Amino acid sequence: MARAFYPFVEEGQENEVKARCAARIAVYDDAAAAPRVVVIDPSDVRSYLEEITSEVSRLSREQGGHIPFMVIREVVENLIHAYFIEPAISILNNGDTIRFADQGPGIKEKDRALEYGTTSATEEMKRYIRGVGSGLPYAQQYLKDHGGTLQIEDNISGGTIVTISMMPEQPDIPQVRQASAPQPVVTVALTARGEQVLDYLSEHESVGPKDLVDAYGSSPSTWTRELQTLEQAGIVAKRGGQKRFLTRMGKTLLP
């Protein structure tokens with residue numbers, strides 16, 4: 001017996017339902033240019049979900065993203081709750097941020113949508129998804145465990161926006177990778193006693209000649225000359241008294 005599904009899909013052959021709206025995927029691969037747009041045409045629900053998931057995953061990876069396929073799939077399948085109304089997906093931050101927007105009925109209790117076991121899936125929806133309230137909670141937990149985030153917001157005039165990101169500290173705007181400037185490398189030829197001074201300062205805040213005599217032997221005058229040599233090289237400096245402290249350059253020489 002034929003059974004009704006839900007709004008915004010239509011029956012196909014053998015009672016297979018089809019999504020009515022095309023899904024649009026915007027790839028922001030250049031901050032100075034408009035996004036590249038890929039359109040996924042409507043088809044039967046299973047094929048539609050699979051194609052969106054595969055294409056979003058491929059495009060994200062193409063940009064250098066690290067969000068796993070299964071996390072993307074869980075959020076794509078969540079579009080079933082929006083009745084597939086005008087899905088728009090944006091790939092940002094070199095593929096490490098993906099935003100899923102729709103114009104469906106929205107999510108009133110956003111916090112509860114992230115609790116395991118909370119679901120609004122109908123019997124018909126469960127023909128295509130698990131429908132046990134595990135999708136978004138799983139995606140959020142995975143991202144949290146790997147330093148990322150999942151956020152749920154209202155769309156501008158109805159519907160929902162779900163943003164998943166592996167870059168919690170970065171703005172979710174188009175970015176282009178830039179090579180970092182090379183850092184200067186400090187090269188200093190140290191004597192054996194100079195190495196001992198650094199070894200001592202790796203475990204102590206300051207050092208004086210007597211400290212080095214107690215730790216390694218020899219005479220105070222010998223260590224005084226060594227400390228003066230290191231001071232002239234910019235590796236240690238005085239802050240009053242006879243004690244020396246590591247400078248910023250000196251700290252770069254620590255093992």
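The model is a predicted one, in which local features need pLDDT of at least 70 and side-chain atom pairs count only at pLDDT 80 or more, while totals for chains, interfaces and linings use all residues. Residues are numbered from 1 along each chain as its sequence is written, and side-chain values use heavy atoms, with hydrogens and water left out.

I begin with the aromatic rings. A search of the whole structure finds 3 aromatic pairs; rings of Phe, Tyr and Trp (its six-membered ring) pair if their centres lie within 6.5 Å, and planes under 30 degrees apart count as stacked, over 60 as edge-to-face and the rest as tilted. One of these is formed by Tyr-48 and Phe-84, with ring centres 5.4 Å apart and planes at 90 degrees, so this pair is edge-to-face. Tyr-48 belongs to helix α1 (residues 45-62), whereas Phe-84 lies in the loop between α2 (69-77) and β5 (88-92), 36 residues apart, and the pair thus links distant parts of the chain. Helices (H or I, at least four residues) and strands (E, at least two) are DSSP runs, numbered from the N terminus.

Turning to Tyr-216 and Trp-223, their ring centres are 6.0 Å apart and their planes are at 45 degrees, so the pair is tilted. Tyr-216 is partly exposed at 34%, whereas Trp-223 is buried at 1%. Over the ring of Trp-223 sits the charged end of Arg-193, 6.0 Å from the ring centre; the criterion is NZ of Lys or CZ of Arg within 6 Å of the centre and within 35 degrees of the ring normal.

I now come to the charged pairs. The whole structure contains 10 salt bridges, each a side-chain nitrogen of Lys or Arg within 4 Å of a carboxyl oxygen of Asp or Glu. Arg-73 pairs with Glu-50, their closest N and O atoms being 2.8 Å apart. Because Arg-73 lies in helix α2 and Glu-50 in helix α1, this bridge ties together parts 23 residues apart in sequence.

Within helix α1, Arg-58 and Glu-55 form a salt bridge at 2.6 Å, N to O. Arg-58 is partly exposed at 41%, while Glu-55 is buried at 18%. Asp-29 and Arg-36 also meet in a salt bridge, at 3.4 Å. Finally, a network of salt bridges links Asp-29, Arg-36, Glu-55, Arg-58 and Glu-62.

How values were computed:
Buried < 20%, exposed > 50% of the residue type's maximum accessible area, 1.4 Å probe, protein only.
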